[in-house]
Amino acid sequence: MGYRRYMRMAKTEMLRKEIQIYKTILNSIHEGIIITDPSGYVVFYNQELAVLEGLNRDDVIGKHLSEIYSQAPDTSEHLLVSRTSKPIGETYQKYFTRQGHEVHLVATTVPVLQNGELLAVYSLCRETTHLREVLLRTMQLQEIKEDSVEVGKKQGVQYPRAYFTFSDIISKSKAMETVINGAKRAMMGAANILIYGETGTGKELLVQSIHNGGPRRSHPFVAINCSAIPENLLETMLFGAVKGAYTGAIPTAGLFEYADEGTLYLDEINSMSIGLQAKLLRALQERNYRKVGSVAEIPLHCRIISSINIDPVTCLEKKCLREDLFYRLSVISLTLPPLRERKEDIPLLTDYFIKKHSPKNSLEKLELAQELVQGFQDYRWAGNIRELENAIESMICMSGDELCLTREHLPSYLKQLMERGLMDVLRGKNLALLSPFLMDTENIIVTDALKKHRGNLSHAAKELGILRQSLQYRIKKFGIEVEQFRR
Ligand SMILES: Nc1ncnc2c1ncn2[C@@H]1O[C@H](COP(=O)(O)OP(=O)(O)OP(=O)(O)O)[C@@H](O)[C@H]1O
């Protein structure tokens, strides 16, 4: 064999191996991939997409897209990219295969160009099961709404989506009283409300209470978390779409339409893309909006309540929120303080969640160990009330038949963090906490000794290694009621 022929064969073999390597990689990743030649014939189709679309790879490779999918060539994004050689970023697509399988994907379609010549087109596809669930819920909501309109007219039935009222908000702090009073005043009007609060501070609870307390209570309450939905899908979900607005688009009612004369809650609006914010602003200013793919103006009736989880100043500085939209949304603004700034609410909430999550048939009352009462006050509760509730629920599960929730039952991350807080005190890193820490420790030790000896001062003092008079002094200092241990 000549040297040149040998080199050519070696190169071909290398190329074949290389292609095999790429194919193996493309088949093993968790995104669906389809590659076509410039005319739309499939040259590669990976296993992930075969699963997502319910197709057999061998039935797809070598076929034209129009033989596989029942969508018109002019609405296929893949074929559009073949015609224009321009990529299309993440778009939500709903379409049917020729076998009638309904597919929901978010796809990015990209042309492969060499010296300006189109070599291939590929689409990277992600499944949207969770998004589909959101859509399904939205659809169920529509059904509820349609039923309720009829039934509601006859029986005054309310839409079942907003459960909470102001009486569900557990608090006694001044800070929360101010927020609740503000919300109650805002409740009767129609002005947009912007709520700022860290995650888990009870923003949705407050929004539902406003809806249920105000004149819109017999209309729908619709909530959507703007950070959970890709931009394109969010636009369609908000505004709705008309047939043919995008690949496989079916006429879809948007949340503005579902919310009707009720309340639309836009959670984490600071995550909404700036482009979509501009469209929202237009709708709010003109009190009219257009469905995706339509020019017809539809009046906007719902009240918009939105929330941000970053403070307003940072939101504007970092341009997470357009300034003009911010002013539109925050005609009334409310700030929910983090739990660490309303510590007086912690014992109340703790008791409430213990009752809420205690076994239903249990006759005996669960309680939080004294040793944790202060720990709960000092802890930062970054996840706020949601974190507190989860911690208590988890502790109740871990406590089995025991009636006292102790450090042992804490979720391990919390135990570690609380211990770290304690170590900071012990190492003198947080001297401000030293005095209350020592007081509390002393209180706990004295109380435990009195409990153990059923209120017998001599025995308790002996165990503690202090004089009876010293013990009496501490009982007075900490306001301990010794009688309770003698019963
Ligand atoms: N003051 C309160 N009293 C009783 N339960 C509360 C209170 N505040 C919050 N909760 C409960 O804590 C959980 C979190 O509240 P919610 O979902 O309203 O917070 P959020 O601020 O909207 O959270 P996110 O920012 O993550 O959306 C919910 O189960 C809610 O019922």
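A residue is counted as near a molecule or strand if its C-beta atom, placed from the backbone, lies within 6 Å of it. The model described here is predicted: local features need pLDDT of at least 70, side-chain atom pairs count only at pLDDT 80 or more, and totals for chains, interfaces and linings use all residues. Residues are numbered from 1 along each chain as its sequence is written.

**Ligand shell**

The ligand has 16 residues around it, of which Ile 170, Gly 202, Lys 203, Glu 204 and Ile 385 come nearest. The shell divides into 4 nonpolar, 7 polar and 5 charged residues; Ala, Val, Leu, Ile, Met, Phe, Trp, Tyr, Cys and Pro count as nonpolar, Asp, Glu, Lys and Arg as charged, and the others, Gly among them, as polar. At least two shell residues are supplied by each of α8 (203–213) and α16 (384–399). Helices (H or I, at least four residues) are DSSP runs, numbered from the N terminus. Because domain 2 (130–337) and domain 3 (342–413) both give residues to the shell, the ligand lies between them; the domain bounds come from an automatic or database domain assignment.

**Helix packing**

Two packed helices are described by the angle between their axes and the distance between the axes. Axes are lines fitted to C-alpha atoms, for helices over the stretch in contact, and angles run from 0 to 180 degrees between N-to-C directions.

| Helix pair | Angle | Axis distance |
|---|---|---|
| α7 (174–187) and α8 | about 40° | 9 Å |
| α14 (345–357) and α16 | about 45° | 9 Å |
| α19 (457–464) and α20 (468–478) | roughly 100° | within 9 Å |

Angles under 35 degrees count as roughly parallel, over 145 as roughly antiparallel, 65 to 115 as roughly perpendicular and the rest as oblique. At about 40°, α7 is therefore oblique to α8. Their crossing is right-handed, a term used if the near helix is turned clockwise from the far one by less than a right angle. Ala 183, Lys 184, Ala 186 and Met 187 of α7 make the contact with Leu 206, Ser 209, Ile 210 and Gly 213 of α8, where contact requires C-beta atoms, placed from the backbone, within 7 Å. This contact comprises 5 nonpolar, 2 polar and 1 charged residues.

The pair α14 and α16 is likewise oblique, and the crossing is right-handed. From α14, Leu 349, Thr 350, Phe 353, Ile 354 and His 357 meet Ile 385, Leu 388, Glu 389, Ile 392, Glu 393 and Ile 396 of α16. By class, these residues are 7 nonpolar, 2 polar and 2 charged. Ile 385 of this contact is also among the residues that come nearest to the ligand.

With axes crossing at roughly 100°, α19 is roughly perpendicular to α20.

Technical notes
Contact = placed C-beta atoms within 7 Å.
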